[in-house]
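Colleague: I am new to this one and would like to know what the labels rest on. Please show it to me, and then I will ask.

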Amino acid sequence: MADTISTTGGSSGRSHASSLFGYLLFAVLVLALTGVGAGTWAVVVGGNGRSVGTTQTSPPTTSAGQSSSKDAKLNYSAQPSATWKPRDPTLPPAEAATVHNVTLNIVEKNIEVAPGVTQRMWTFNGTVPAPVLRGHVGDTFNITLVNHGTIGHSIDFHASEVAPNLLMKTIAPGQTLGYSFVAHHSGIFMYHCGTAPALQHIAEGMYGAVVIDPPGLPPVDHEYFMLQSEFYFGQISSNADYTKIKDFAPDAVVFNGYFDQYVYSPIKVQHGQRIRIWVLDEGPSENSSFHVVGGIWDTVYKEGAYLLQPGPSAGGSQALDLQPAQGGFVEFVPAEAGQYTFVTHKFSNVVKGAAGYIQAS
């Protein structure tokens with residue numbers, strides 16, 4: 001039987017667009033960022049060399065000294081494995097219950113994070129990112145953390161107001177920790193392993209999100225979550241390269257745990273529908289500027305406050321800027337049928353996998 005530490009706290013398919021109007025600017029910027037030769041004319045939307053020109057282009061290999069020859073590398077012409085399934089980005093509505101009892105099992109697991117790239121990840125409940133939790137202001141979350149791993153781990157809920165030395169303590173393999181808190185504030189909050197070095201534990205996959213709805217949050221047609229994070233490849237089926245993590249040399253920057261996954265499996269909606277996207281920068285180190293090409297936010301909620309809401313004199317917003325561990329949501333309505341590309345507007349990370357499609361019919 002596992003040792004127990006009881007502590008109570010305070011209260012489909014890959015889509016190739018025949019035309020992506022307006023991406024000539026992408027061409028100029030991405031060519032500059034990736035060093036593509038002057039004779040190659042291609043608009044790189046994501047890291048696998050999708051283009052609207054006649055030539056497909058891949059970014060250069062990792063600079064010397066940032067990885068070993070045995071490390072996993074992105075193959076821009078590869079496809080996901082036959083067993084790969086995209087992470088469903090749909091955010092279910094908050095339950096009516098005011099008490100949420102959740103068990104998070106720490107599990108070490110080999111996970112495909114890009115076509116041809118499998119890494120040994122440290123996970124909560126076997127997924128990267130970890131499960132997304134949701135509730136309302138005033139709800140109680142009773143978390144049971146069980147360490148099935150081979151080293152010590154912990155958990156830190158940014159949605160909680162608790163004494164870190166009591167609830168965020170490291171537990172050894174085989175131990176269990178009780179972590180209870182009341183959500184007093186609305187927003188999207190990171191949770192992660194806080195065991196030193198937290199930098200490594202987050203980069204190894206130990207991160208998730210808690211969404212606490214603002215009071216009076218109106219319904220929308222579709223509600224999604226996008227959690228941005230980085231991968232620092234070690235050898236195939238091995239752990240991340242800690243030197244890369246410390247030196248901030250990510251191999252991939254992704255949404256919801258997989259390179260370009262919503263390029264391979266676009267999100268499908270109907271034009272004219274209202275879409276809300278909750279965005280959280282999980283880091284551990286990179287920032288984000290979340291943007292949908294062809295869309296304008298009429299609602300922006302960042303770090304617990306509305307920055308923009310619809311109204312007769314309201315303007316529009318083009319990007320949600322986030323530092324690691326910051327989050328919020330944006331809303332927009334696709335005006336026309338077609339394919340809307342979403343990216344981080346830090347274009348060097350678009351070619352590393354931070355891109356996807358919303359397909360509006």
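Colleague: What percentage of the residues in the protein chain is buried?

Modeller: Bear in mind that this is a predicted model. Of the 361 residues in the protein chain, 53% are buried. The chain contains 5 helices and 20 strands.

Colleague: Why is I155 called buried?

Modeller: Buried means under 20% relative accessible area. I155 has 0% relative accessibility, so I155 counts as buried. This residue sits in the loop between strand 5 (140–147) and strand 6 (156–157). Leaving aside neighbours within four places in sequence, I155 is in contact with residues including L104, F124, Y179 and H192.

Colleague: What is the strand order in the open sheet of 4 strands?

Modeller: The order is 4-9-8-6, and the pairing is mixed. Strand 4 (132–136) and strand 6 are the edge strands, each pairing on one side only. Strand 6 runs antiparallel to strand 8 (residues 187–192), and 2 bridges join them. Two strands pair if there are at least two bridges between them, so strands 6 and 8 count as a pair. In this pair, D156 stands opposite H192 of strand 8.

Colleague: What makes strand 11 and strand 16 edge strands?

Modeller: They belong to an open sheet of 6 strands with the order 11-10-13-18-15-16 and mixed pairing. Strand 11 (252–255) and strand 16 (305–308) each have a single partner strand, so one side of each is left without a neighbour in the sheet. Direction ignored, neighbouring strands of this sheet are turned by 20 degrees against each other on average. Strand 10 (residues 222–231) and strand 11 run antiparallel and are joined by 4 bridges. S229 has V254 of strand 11 as its bridge partner.

Colleague: Which residues have the most contacts inside the largest nonpolar core?

Modeller: They are V113, I188, F231, F233, F259 and W278, in a core of 31 residues. Strands 2, 3, 8, 9, 10, 11 and 13 each supply at least two residues of this core. Apart from it lies another core of 27 residues, among them L133, F141, F157 and V162. In soluble globular proteins, nonpolar side chains tend to be buried together.

Colleague: How do you know that K244 and D71 form a salt bridge?

Modeller: The cut-off is 4 Å between the side-chain nitrogen and the carboxyl oxygen. The closest N and O atoms of K244 and D71 are 3.5 Å apart, so the pair qualifies. K244 lies in helix 4 (residues 242–247) and D71 in the loop between helix 1 (24–34) and strand 2, so the pair ties together parts that are 173 residues apart in sequence. K244 is buried at 1% relative accessible area, and D71 is buried at 9%. Both K244 and D71 also touch F233.

Colleague: Why is K346 called partly exposed while E286 is called buried?

Modeller: K346 has a relative accessible area of 32%, so K346 is partly exposed. E286, at 5%, is under 20% and therefore buried. Their side chains meet in a salt bridge, with 2.8 Å from N to O.

How values were computed. Residues numbered from 1 in each chain as written. Predicted model: local features only at pLDDT ≥ 70, side-chain atom pairs only at ≥ 80, totals over all residues. Heavy atoms only, no water. Buried < 20%, exposed > 50% of the residue type's maximum accessible area, 1.4 Å probe, protein only. Contact = heavy atoms within 4.5 Å. Axes fitted to C-alpha atoms, helices over the stretch in contact; angles between N-to-C directions. Core = buried A, V, L, I, M, F, W, Y, C linked by side-chain atoms within 4.5 Å.
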